[in-house]
Amino acid sequence: MKHLLVIGDPLQAHSDVFEVIQCSFLDRSQITDNTAAIVLNSRDVELVDESLKSLRQHPETALMLVYNQRPTRLGEALGDGKLPDDLPDEIAQYERHLQWLHADVLEKSRYQLENRMIAYLWLNRHRRIRPIRVLATRGMYQYPLIDLWDDYPAKEFWLASASRTELIKTEKLIDRVRACQRCNSGMLNYIDTCPSCHSIDIQTEAAIHCFTCGHIATQGAFMRQDNLVCPNCLTTLRHIGTDYDRPLEDQRCNTCNTLFTDAYVKVHCLYCNFENDIESLKTHRYYSYCLGNLGITQAKTGSDRHMLPAVMGDALSREHFVWMARWVDNLTPRHQKRHMVMALHLKNLDDLSLKRSEIELLNHVEEFGRRLRGELRKTDVFCRYSTSVLFFLLTDADDKAIDNIKARMESIGKEQIDNPLEIHVLLKVFPDTGTVLDFNAWFRHIFEELMDD
Ligand SMILES: [Zn+2]
Ligand SMILES: [Zn+2]
Ligand SMILES: [Zn+2]
């Protein structure tokens with residue numbers, strides 16, 4: 001008989017189907033292959049959250065079904081919710097999905113963020129990656145689960161990138177937060193200021209406009225006993241609309257005395273003190289995510305997503321790429337127009353992916369990809385020749401264009417000082433041999449030359 005491990009107050013649930021083991025604290029020695037699920041049933045919400053964190057963080061228990069009977073701060077983000085009525089079905093479904101989960105994904109989920117997230121979402125269809133509000137942090141929201149698994153900041157960008165490739169997909173927009181353009185903090189004070197001198201010392205006041213002489217002043221200046229009398233022309237003002245009206249300007253600056261209607265809104269960052277214009281604030285969107293189509297495929301087939309093409313756009317298959325090269329080569333005689341191949345090797349990508357935070361690495365690759373895309377034309381196609389090598393086909397290249405692209409590639413390399421990626425580039429013009437070129441062999445040759453370097 002499989003067992004339920006109940007932590008905290010005693011709980012008798014589904015004891016006809018499962019053996020219920022009771023303990024007051026999380027005791028890892030009680031967790032065995034026979035544990036179908038863990039139920040957190042303590043009234044101490046801090047203890048529940050600590051147990052949730054500990055269970056999700058540890059590779060051995062990160063993917064397990066962990067139910068939390070009471071709402072806690074982290075419960076929604078880390079737990080599987082309250083024990084469902086159809087617990088035996090949910091456990092059966094979990095076990096089925098565990099069998100279907102590709103062995104590579106399960107193995108990599110022990111040490112790699114992306115596969116762990118896929119496995120986690122795959123095993124229980126109710127699971128989501130959820131943000132929670134944390135006022136003590138700059139961004140106002142955090143993804144506690146991803147935080148447990150990778151300590152590099154800026155999870156929302158990594159998640160957004162994973163959702164672009166349909167590894168995960170957005171389920172619901174939880175919040176949209178306006179953030180300081182300098183430090184990304186969401187702790188902002190929106191404050192009305194004087195449009196003339198930007199002083200914050202302004203006040204609302206009732207003003208009067210005398211029709212007889214055109215004088216405008218505060219209502220106080222018009223008060224004589226109980227009557228309104230213009231202090232300028234001494235006319236008694238009886239009827240609004242006939243003798244006087246109230247001008248639209250109804251705020252006054254105590255610093256420069258300007259009267260105005262629309263205040264100028266400044267956005268003061270409480271975190272870094274920067275004063276933002278309202279138009280220049282950044283906007284961050286926080287979503288809950290479920291598993292996407294690519295994530296489902298990856299869970300079942302184990303085929304890895306490759307970081308590079310995802311950043312660069314759609315890659316051609318190697319066969320298609322060879323076909324394209326042959327096609328442009330046939331189109332124009334080689335002495336008239338020159339075409340070339342740019343081979344690009346990210347030398348230390350595999351090494352870095354073991355040593356660095358995956359989120360940090362993706363940031364660097366994205367940054368590089370963004371620069372590279374900026375240098376290429378939309379029509380320049382590419383393929384992934386190996387995990388860390390990309391081939392680009394650059395058509396219609398004259399000498400000037402070739403020199404240009406060489407110089408630009410070098411400058412990208414130099415600008416990459418803060419970027420740990422080591423990039424090596426080879427540019428090869430289609431050889432003018434006068435014979436039909438065997439592109440497969442030629443590309444292999446370039447690849448070998450690139451790897452030898
Ligand atoms: Zn007057
Ligand atoms: Zn002013
Ligand atoms: Zn700031």
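**Zinc site and positive-phi residues**

The zinc ion (ligand 3) is coordinated at 2.3 to 2.4 Å by the SG atoms of C180, C183, C269 and C272, where donors are N, O and S atoms within 2.8 Å of the metal (3.2 Å for Na, K and Ca) and water is not among the atoms, so sites may look incomplete. This is a predicted model in which local features need pLDDT of at least 70 and side-chain atom pairs count only at pLDDT 80 or more, while totals for chains, interfaces and linings use all residues. Residues are numbered from 1 along each chain as its sequence is written, chains are lettered from A and ligands numbered from 1 in the order in which they are written, and side-chain values use heavy atoms, with hydrogens and water left out.

**Zinc site**

- The four donor atoms around the zinc ion (ligand 3) subtend angles of 104 to 112°, which makes the arrangement tetrahedral (four donors with all angles between 85 and 135 degrees).
- The donor residues follow the sequence spacing C-x2-C-x85-C-x2-C.
- C183 lies in the loop between β7 (168-179) and β8 (188-193), and C272 in the loop between β18 (264-269) and β19 (275-277), so the pair ties together parts that are 89 residues apart in sequence; strands are DSSP runs of E, at least two residues, numbered from the N terminus.
- C183 is buried, at a relative accessible area of 11% (buried means under 20%, exposed over 50%, partly exposed in between, with a 1.4 Å probe and protein chains only).

**Positive phi**

- Most residues other than glycine have a negative phi.
- M140, in the loop between β5 (132-133) and β6 (141-142), has a positive phi near 75° and is buried, with a relative accessible area of 15%.
- L234, in the loop between β13 (227-229) and β14 (236-237), has a positive phi near 65° and counts as exposed at 56% relative accessibility.

Technical notes
Tetrahedral: all angles 85-135°; square planar, octahedral: opposite > 155°, others 65-115°. Helix = DSSP H or I, 4+ residues; strand = E, 2+ residues; numbered from the N terminus.
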